[in-house]
Amino acid sequence: MKEITKSKWKDPGIIMTGILVFISAIVWIWWPADTYWMGISLVAWLMFLCFFIWLLLTLIHVIWVEKIEKDNGKGA
Amino acid sequence: MLIMEAVILTLYLILMTVIGIFFAKRAHSSEDDYWTAGRNINSFVGSFALFAAVASSSSLMGAVGSGVALGVPFLFAYGFGAVAIPSFALFLISAQIRRSGVKTVPEFFKFRFGKPAQLVAAGVVVVTMTFYMVPQLTASGLIGSYVLGIDYEIAVILLGVGFTLYAALGGMWAITYTDLIQGAIMVVGLFVLAVVIFFEHQGVANLVQDALAADPDFGSVTQPLMSYFGLFLAFLWFGVVSPSAVMRNFASRDAKTARRSALGACFLYLSVFVFGFFIASAGASLGIVDSLDNQDMIFISVIENYLPAILAGILLAGLLAAIMSSADAMLLAVSAGVAHDIYKGYINKNASEKTVTRLGFAVMMLASFVGIYFAIDPPQLIAVMVGWVGGALVSIFGFPLVLGIWWKRANLAGALAGMIGGGIAFLIMIALPFALVAEPIVALPVSAILVIVVSLLTKAPSKEMQAEVDRYHGYS
């Protein structure tokens with residue numbers, strides 16, 4: 001049972017969710033609304049940057065899980 | 001009437017109906033086919049299908065409209081959550097729900113928690129998805145009346161009946177394949193519009209300066225932080241809790257295809273929000289947003305201002321496509337909720353597949369009529385109505401679903417408390433004078449606490465059920 005619990009915390013999905021929550025928390029806690037770049041609030045640029053980070057996290061997740069399945073000799 | 005745009009729209013609707021009828025025979029061959037396209041969709045089609053199901057009229061008209069009216073940070077807060085919709089669902093629930101072998105969200109609640117949870121979930125799906133038809137029909141009515149030069153009410157009825165017919169006839173097969181076309185038109189159309197805007201303003205820096213010259217607050221945070229955070233939460237969770245989006249995931253051929261589809265959908269969403277930034281900036285530079293009756297119409301103004309009639313027609317068809325696609329997925333969820341979960345689950349357990357499919361058809365027609373009835377005199381702005389539905393689903397389903405998958409100790413009493421408590425908290429927050437679309441900020445934690453506390457205070461699920469939860473994660 002202990003092994004199963006441990007494995008759940010090592011699940012790629014849980015780890016990726018943790019990273020996503022951590023990165024978004026930085027934006028919400030920092031919230032640099034009054035700093036501007038090109039006339040647009042830094043808050044907006046941070047959120048814009050995160051669009052690309054979310055895509056990257058998803059790509060890493062897909063590759064990671066496919067690698068795990070390959071290592072385990074499973075198709076799907 | 002705008003002749004070119006009207007001709008393209010009409011041709012488009014006919015094409016979609018033909019596809020719907022073409023797949024109708026295939027869809028009615030079995031119940032599994034009708035609901036999930038026989039689980040035989042590849043990742044390319046799946047990407048567009050997942051994307052188009054989630055990218056509602058609000059994603060396009062609402063996001064751009066709100067970006068122009070409330071400033072670009074509001075548009076990006078929308079995207080901050082929305083681009084992560086497929087990813088968040090992929091990380092947290094996609095593979096597990098697939099392994100559980102269920103077809104609908106209420107069915108998951110039945111297998112994991114028991115029939116009372118399924119009944120509550122089915123009721124929630126039917127009510128929220130029917131209400132979700134209202135903003136979709138409102139948006140399609142606005143486009144239809146603008147292009148065809150007819151009354152808004154008549155446009156709502158005509159378009160509503162038109163796209164309901166092909167969805168009802170074809171089930172998920174028709175919806176999935178027309179989604180490929182709809183998703184492609186939307187992404188390519190927005191790309192072309194963004195490129196035209198880019199060259200007309202001679203680059204991004206000039207475009208932003210032109211927008212700021214017309215509206216000095218375009219780049220500023222204009223709302224309380226809670227509104228941005230509430231918007232983010234409602235959209236981030238949308239793929240997890242939306243019955244229509246989750247059902248798309250089941251339509252993939254296998255788990256690998258489902259994951260790759262989510263990656264593709266994430267890329268498509270990112271593209272749409274990047275193009276949306278260009279479109280919102282162009283909309284702000286027009287300096288007309290305050291003169292419009294409905295600020296959601298700014299998107300259509302940009303299309304008409306920047307594109308020749310033929311391209312404008314194609315893009316308006318794409319916009320209508322996004323609305324149709326979302327509305328059809330919602331109709332399917334309502335139909336599944338009543339025919340599959342409530343009728344077959346409780347009223348007539350021995351119902352034949354044919355009877356269930358026919359009842360699903362009838363329910364779909366009924367839901368669209370209810371949607372049309374309310375859309376003729378819509379109760380609120382599109383963005384607000386979408387925000388309410390998303391927020392309600394998140395508050396009610398969010399934690400009971402995720403904890404049901406990840407926490408073996410979660411039980412029926414906890415799930416019911418979480419769903420009902422989250423729903424009540426959401427309704428109370430709507431009634432109170434709080435920041436707009438910020439309701440889930442309170443309702444979501446209330447639901448989470450109720451699931452955990454009530455589960456711990458009551459009897460643990462059986463050993464078999466706990467083993468079943470392990471199986472969702474690939475352990476056995």
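First, the conventions. Residues are numbered from 1 along each chain as its sequence is written, while chains are lettered from A and ligands numbered from 1 in the order in which they are written. The model being predicted, local features need pLDDT of at least 70, side-chain atom pairs count only at pLDDT 80 or more, totals for chains, interfaces and linings use all residues, and side-chain values use heavy atoms, with hydrogens and water left out.

I start with chain B as a whole. Its secondary structure comes to 21 helices and zero strands. Helices here are DSSP runs of H or I with at least four residues, strands are runs of E with at least two, and both are numbered from the N terminus. Of the 476 residues in chain B, 64% are buried. Buried means under 20% relative accessible area, exposed means over 50%, and partly exposed is in between, with a 1.4 Å probe and protein chains only. For contacts in chain B with a separation of 6 or more, 85% come from residues 24 or more positions apart; a contact is heavy atoms within 4.5 Å.

Now the interface. In contact are 45 residues of chain B and 39 residues of chain A. The size of an interface is often given as the accessible area lost when the parts come together. Between chain B and chain A the buried area is about 3,800 Å², and carbon and sulfur atoms give 78% of it. Buried area is the accessible area, with a 1.4 Å probe, that two parts lose on being put together, summed over both. On the chain B side, B:Phe80, B:Phe91 and B:Arg259 supply 20% of the area that this chain buries against chain A, more than any other three residues.

On to polar interactions across the interface. Six residue pairs are in polar contact between chain B and chain A, both residues at pLDDT 80 or more. A polar contact is a pair of N or O atoms within 3.5 Å; within protein, one must be able to donate a hydrogen and the other to accept it, and residues adjacent in sequence count only if both atoms are side-chain atoms. The elements giving two or more residues to the side of chain B that touches chain A include helix 5 (72-82), helix 6 (85-100) and helix 14 (255-286) of chain B. Helix 14 of chain B gives the largest share, eleven residues. By class, that side has 32 nonpolar, seven polar and six charged residues. Ala, Val, Leu, Ile, Met, Phe, Trp, Tyr, Cys and Pro count as nonpolar, Asp, Glu, Lys and Arg as charged, and the others, Gly among them, as polar.

How many salt bridges does the rule find across this interface? It finds two, and over all chains the count comes to five. The rule asks for a side-chain nitrogen of Lys or Arg within 4 Å of a carboxyl oxygen of Asp or Glu.

One of them joins B:Arg259 and A:Glu69, with the closest N and O atoms 2.9 Å apart. B:Arg259 lies in helix 14 of chain B and A:Glu69 in helix 3 of chain A, so the pair joins two chains. Buried or exposed? B:Arg259 is buried at 4% relative accessible area, and A:Glu69 is buried at 10%.

For contrast, take A:Asp71 and A:Lys67, a salt bridge at 3.2 Å. Both residues lie in helix 3 (residues 42-71) of chain A, four residues apart, about one turn of the helix. A:Asp71 is exposed at 56%, and A:Lys67 is exposed at 51%.

The next pair is in helix 21 of chain B. B:Glu468 and B:Arg471 form a salt bridge at 2.9 Å, and they sit three residues apart, about one helical turn. B:Glu468 is partly exposed at 24%, as is B:Arg471 at 33%.

The buried residues of helix 21 of chain B are B:Met465, B:Gln466, B:Val469, B:Asp470 and B:Tyr472. They cover an arc of only 155° around the axis, which puts them on the same side of the helix. The arc is that of the directions from the helix axis to the C-beta atoms. The face turned away carries the exposed residues B:Lys463 and B:Glu464.

Last, a backbone item. B:Gln202 has a positive phi of about 55° although it is not a glycine. B:Gln202 is in the loop between helix 9 (152-200) and helix 10 of chain B, and is exposed at 64% relative accessibility.
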